[in-house]
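Please prepare a briefing on the structure shown below.

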Amino acid sequence: MTDITQDGFAAFERDKDADLPEEVRWEGRFITAKTRGRWEYVGRARGIRAAAILALDEDADGSRHVILVSQYRVPLSRFCLEIPAGLVGDDAGSEDEGAREAAARELEEETGYRAGRLEVLGEFYSSPGMVSEAFTLLRATELTKVHEGGGVSEESITVHRVPLAGLADYVAKWREAGHAVDVRIAMLMTPGFLGEKLT
């Protein structure tokens with residue numbers, strides 16, 4: 001039985017391997033494979049973090065759209081529908097880059113949209129049982145199209161401007177075509193992340 005503390009959270013019990021030494025098994029340019037006791041996991045090399053963007057565009061009539069991207073992902077061996085995202089401070093000389101600056105840069109590089117407003121929604125972990133990477137989630141609004149997007153050299157990114165009202169159907173059709181879907185797109189299906197008040 002788990003005890004509840006005065007602040008309403010459970011009195012958590014640490015894993016039995018939590019204090020064992022972490023061992024690096026392999027290190028590449030961007031990722032590091034590690035073990036700690038019976039646990040095997042992967043982390044970003046050099047302390048690199050990520051930023052992911054919920055980009056919301058609005059037409060003159062008030063209809064809202066989300067800006068998504070797709071690209072071929074070698075680990076999945078298929079195309080994946082994703083929210084715009086990228087690494088923070090991964091280029092030489094930009095180690096001090098903040099998540100907000102990286103998000104603005106990545107949004108414009110990948111989608112061709114510039115955000116008039118970027119709000120930090122918090123830090124999240126996408127697969128904490130096997131990956132230690134965290135990403136900062138931001139909401140981008142007041143968008144202006146400044147170019148066609150597509151990413152930087154060696155990237156081949158397709159931009160999708162999808163009506164929010166039809167997002168679930170769009171995702172379903174994407175899956176039916178045999179493609180993959182980034183878990184963070186699920187956040188676009190919840191009112192809180194869209195900036196709407198929860199009743």
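Is Tyr72 buried, partly exposed or exposed? Tyr72 is partly exposed, because its relative accessible area is 44%, where partly exposed lies between buried (under 20%) and exposed (over 50%), with a 1.4 Å probe and protein chains only. This is a predicted model, in which local features need pLDDT of at least 70 and side-chain atom pairs count only at pLDDT 80 or more, while totals for chains, interfaces and linings use all residues. Residues are numbered from 1 along each chain as its sequence is written, and side-chain values use heavy atoms, with hydrogens and water left out.

**Overall architecture**

- The protein contains 2 helices and 11 strands, taken as DSSP runs numbered from the N terminus (helices H or I, at least four residues; strands E, at least two).
- From the N terminus on, the order of elements is β-β-β-β-β-β-β-α-β-β-β-α-β.
- Of the 199 residues in the protein, 36% count as buried.

**Three-stranded sheet**

- An open sheet of 3 strands has the order β1-β2-β3 with antiparallel pairing; strands pair if DSSP finds at least two bridges between them.
- Its edge strands are β1 (23-27) and β3 (39-44), each of which pairs on one side only.
- Neighbouring strands of this sheet are turned by 30° against each other on average, direction ignored; the axes are lines fitted to C-alpha atoms, and angles run from 0 to 180 degrees between N-to-C directions.
- Strand β2 (residues 31-36) runs antiparallel to β1 and is joined to it by 4 bridges.
- In β2, Ala33 stands opposite Trp26.

**Strand β9 and its partners**

- Strand β9 is mostly covered, with 9 of its 12 residues buried.
- β4 and β9 run parallel and are joined by 6 bridges, whereas β8 (residues 113-125) pairs with β9 in the antiparallel sense over 11 bridges.
- Phe135 in β9 stands opposite Ala50 and also opposite Phe124.
- The loop between β9 (134-145) and β10 (158-163) holds Gly150, which is buried with a relative accessible area of 14%.
- Gly150 and Glu108 are 42 residues apart along the chain, and their C-alpha atoms are separated by 9.2 Å.

**Aromatic and charge contacts**

- A search of the whole structure finds 2 aromatic pairs. One of them is formed by Tyr72 and Phe79, edge-to-face, at 5.2 Å centre to centre and 80° between the planes.
- Rings of Phe, Tyr and Trp (its six-membered ring) pair if their centres lie within 6.5 Å, with planes under 30 degrees apart counted as stacked, over 60 as edge-to-face and the rest as tilted.
- Phe79 is partly exposed, with a relative accessible area of 40%.
- Tyr72 lies in strand β5; its C-alpha atom is separated by 9.5 Å from that of Ala180, 108 residues apart along the chain.
- The charged end of Arg184 sits over the ring of Phe135, 4.8 Å from its centre; the criterion is NZ of Lys or CZ of Arg within 6 Å of the ring centre and within 35 degrees of the ring normal.

**Largest pocket**

- The largest pocket holds about 1600 Å³ of space. On a 1 Å grid over the protein atoms alone, a pocket is an open set of points where a 1.4 Å probe fits, with protein on both sides within 12 Å along at least five of seven lines, and lining residues have an atom within 4 Å of a point.
- Grid points are joined across faces, edges and corners, and the volume is the space filled by probe spheres set on the points.
- Of its 40 lining residues, the closest to the pocket centre are Arg44, Arg73, Glu82, Glu133 and Arg184.
- Elements giving two or more residues to this lining include β3, β5 (64-73) and β11 (180-181).
- Helix α1 provides the largest share of the lining, 4 residues.
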